[in-house]
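Trainee: I would like to learn how to read the features of a model like this one. Please take me through them in turn.

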Amino acid sequence: MRKANFLRTAGGTMARARQMRRQARTIRRYGYQPMIVMNGDGQLPDVIATLIGRGLWRYRSELAPIYLATTLASAGTVLHFTHPQWWPYLLVAGTFAAWLLALFGEHAGLALRAERLYAAVVAMSAGSWLAAVTALGITFWPLAPLLLGGGLMLALPWWVHRRRCAKVRVNRQLDAWPDIAQAIGLAGSHVQSAVVDVWGWRARFALARGQTIQDVIGKIPAIESALGTFRGAVRVHPTRDDKANRFELRVLDTDPHADAIPWPGPSVSSITEPIDLGPFEDATSARVLLLRRHGLLGGVAGSGKSGGINVLIGNLTACPDVVIWAIDLKLGMELQPWVSCIDRLATTPEQARALLRDAVAVLEARAAWLASRGVRVWEPTSALPALVIVIDEYAELADDAPDSARDTDSIARRGRAVAVTLIAATQRPTQKAMGKGAVRSQMDVRVSFRVRERRDVDLILGQGMLDVGWHAQRLNAPGKFLLSAPEHDIPRRARAYLLIDEAVASTVHKHVDIRPTLDEISQTAIEEAQAGIRLHTADEQEQSLAAEGDEACESPEAILWALLSGAPEEGIPVSHLIKATNMSRPWVYQRLRDLSDGGRVTQVSRGRWRSTADDSQ
């Protein structure tokens, strides 16, 4: 019976203890710190004791040097009377602690070398003083003055340390979070952890039942007002575990992207490596892989798209396993500085059509070559390079060369496996601007610079991205962007590096000698495709001449001149000219046979023709 009563009493005591702990957690969640005051029958009122206790706790960071000095004095006095022979062990322990802090302090949050050195000095000083007091007593001269003077000197760096002051300020802001949450409609949410970094701080929060991160995103202006930050300083992201009732709050004290960031140089040496476009706000790099991925860059005029393209090309020029083709229908105004490192640059609609036709021929030839060997993907090397096609102002291509949409669609759908990549930049990638094809839907990498309208966010980044926090309309400086890619699924602001003209010229001069040429498979496919087009053109010209009557056909030189007048800039194969002019016309046949076998005949001024094979005219 007694045992049963004892168990019942113990169980009730444990239940009450658990209930008290739950109540204490609830009280802390709403911004109060529970405190027990045991003052007996003293004259000090409970309210004053509580206020003193709260003050000592609130200013614990500022008072930490005093707490440490008091603890050392008390511990040294007790050890002197109880275990004075322990002083060698205390000295060794202090030395060992100082050594650990100096070498491995970064694992304890001491990121800077100066911080680790300061912690080691404090540990060594505290251990040495404690060992001396244990052996000699605190009344031994000059241990007490040494504690006061040395403690004051070592406390000064602690009191003025920037990160400590920032952490204290952040903790006090977060202490007020229950009141803030109540005011902005997020009552019940509470802080789980907080970290101070270079440009501000970030904290992890747990939400109350029924609240989601979408509710928090809608409260961002209210949070900025409650925390007293500047506009645009607050970011809200999902946590790494992607729980629905968690979110991460990032607050910036200063804008790390307020000034342009000079390009540090190429970040890759192969297309198989992710390219660094610029730093995020937490100083990490916005790296993205382009191999077997197509990319879309969007934003209003002056938002920094051209700067982003320059960063891409600057990195690609450092890769000896990629050939760069480009289309710039602004007469090469943007990409002309890179022309020495670009294998092929199209500046007119006709050149753009030819370039895209040849790109389709390349991917088809590569696909056939892979299939014949039972291989699924094209692995880029310097001998078998990848092909990246950069198109600046894609909307101009859709307007000036609408018939090229079929080729761009084919590249977007079939280019991944054969390492033919399409990078398109445009102000507003509407269905009309993208050529009413499948190009936009095939873009795995999306880079959104500043847009003017909210709906443009979904056009660039994908449907529904605006609603989940991708607010590209709030980007407030050229070069700032949001990056959406398989490895970047959280809206984080970044800023593209700035390439000045001198940096472009220096990069071109450095990399021009390592630029590769297309592999033989691709070159042959291009030549065969161009030859087929020329033969078709020659046949059409022959039919046109035949329709003009027998008089024109009786003049072999007139036939040859007509063919050359309609030839493309790069020329016509001799074999196709022979076939087109008919071998039964001996004068024409003889003149063509005089040229080198397999050469190219090109129209020049004043009726002369030239063979590129032997350079004769």
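Trainee: How many nonpolar, polar and charged residues are in the lining of the largest cavity?

Mentor: Some ground rules come before the answer. This is a predicted model, in which local features need pLDDT of at least 70 and side-chain atom pairs count only at pLDDT 80 or more, while totals for chains, interfaces and linings use all residues. Residues are numbered from 1 along each chain as its sequence is written, and side-chain values use heavy atoms, with hydrogens and water left out.

Mentor: On a 1 Å grid over the protein atoms alone, a cavity is a set of points where a 1.4 Å probe fits but cannot get out; a pocket is an open set with protein on both sides within 12 Å along at least five of seven lines; lining residues have an atom within 4 Å of a point. For the classes, Ala, Val, Leu, Ile, Met, Phe, Trp, Tyr, Cys and Pro count as nonpolar, Asp, Glu, Lys and Arg as charged, and the others, Gly among them, as polar. Here the lining of the largest cavity has 13 nonpolar, 2 polar and no charged residues.

Trainee: Which residues lie nearest the centre of the largest cavity?

Mentor: Leu277, Leu297, Leu312, Val445 and Val447, out of 15 lining residues. The space in the largest cavity is about 100 Å³, where a volume is the space filled by probe spheres set on the points, and grid points are joined across faces, edges and corners. Helices (H or I, at least four residues) and strands (E, at least two) are DSSP runs, numbered from the N terminus. Strand 7, helix 11 (305–316) and strand 12 (443–448) each give at least two residues to the lining of this cavity.

Trainee: What classes of residue line the second largest pocket?

Mentor: The lining of that pocket has 17 charged residues, along with 15 nonpolar and 6 polar. The second largest pocket holds about 1000 Å³ of space. Among its 38 lining residues, His237, Arg240, Glu248, Asp282 and Arg492 are closest to the centre.

Trainee: Why is strand 11 largely enclosed by the rest of the structure?

Mentor: Start with the term: buried means under 20% relative accessible area, exposed over 50%, and partly exposed in between (1.4 Å probe, protein chains only). In strand 11 (residues 420–426), 7 of the 7 residues are buried, so the strand is largely enclosed by the rest of the structure. Both faces are covered, with Val420, Leu422, Ala424 and Thr426 on one side and Thr421, Ile423 and Ala425 on the other.

Trainee: Which strands are joined to strand 11?

Mentor: Two strands pair if DSSP finds at least two bridges between them. Strand 7 (residues 294–298) runs parallel to strand 11 and is joined to it by 4 bridges, with Gly298 opposite Thr426. Strand 10 (residues 386–392) also pairs with strand 11 in the parallel sense, over 5 bridges, and there Ile391 stands opposite Ala424.

Trainee: How do strand 5 and strand 6 run?

Mentor: They are antiparallel, with 3 bridges between them. Asp276 is placed opposite Arg287 of strand 6.

Trainee: Which residues have the most contacts inside the largest nonpolar core?

Mentor: In soluble globular proteins, nonpolar side chains tend to be buried together. A nonpolar core is a set of buried Ala, Val, Leu, Ile, Met, Phe, Trp, Tyr and Cys residues joined through side-chain atoms within 4.5 Å. The largest has 74 residues, and Trp325, Ile389, Ile411 and Phe481 have the most contacts inside it. Helix 12 (residues 349–373) gives the most to this core, with 8 residues. Apart from it lies another core of 24 residues, including Phe205 and Val216.

Trainee: What is the omega of the peptide bond between Trp141 and Pro142?

Mentor: Most residues other than glycine have a negative phi, and most peptide bonds are trans. The bond joining Trp141 and Pro142 is cis, with omega about 0 degrees. Pro142 lies in the loop between helix 5 (113–136) and helix 6 (143–160).

Trainee: Is Ala419 buried or exposed?

Mentor: Ala419 counts as buried, at 1% relative accessibility. Ala419 has a positive phi of about 60 degrees although it is not a glycine.
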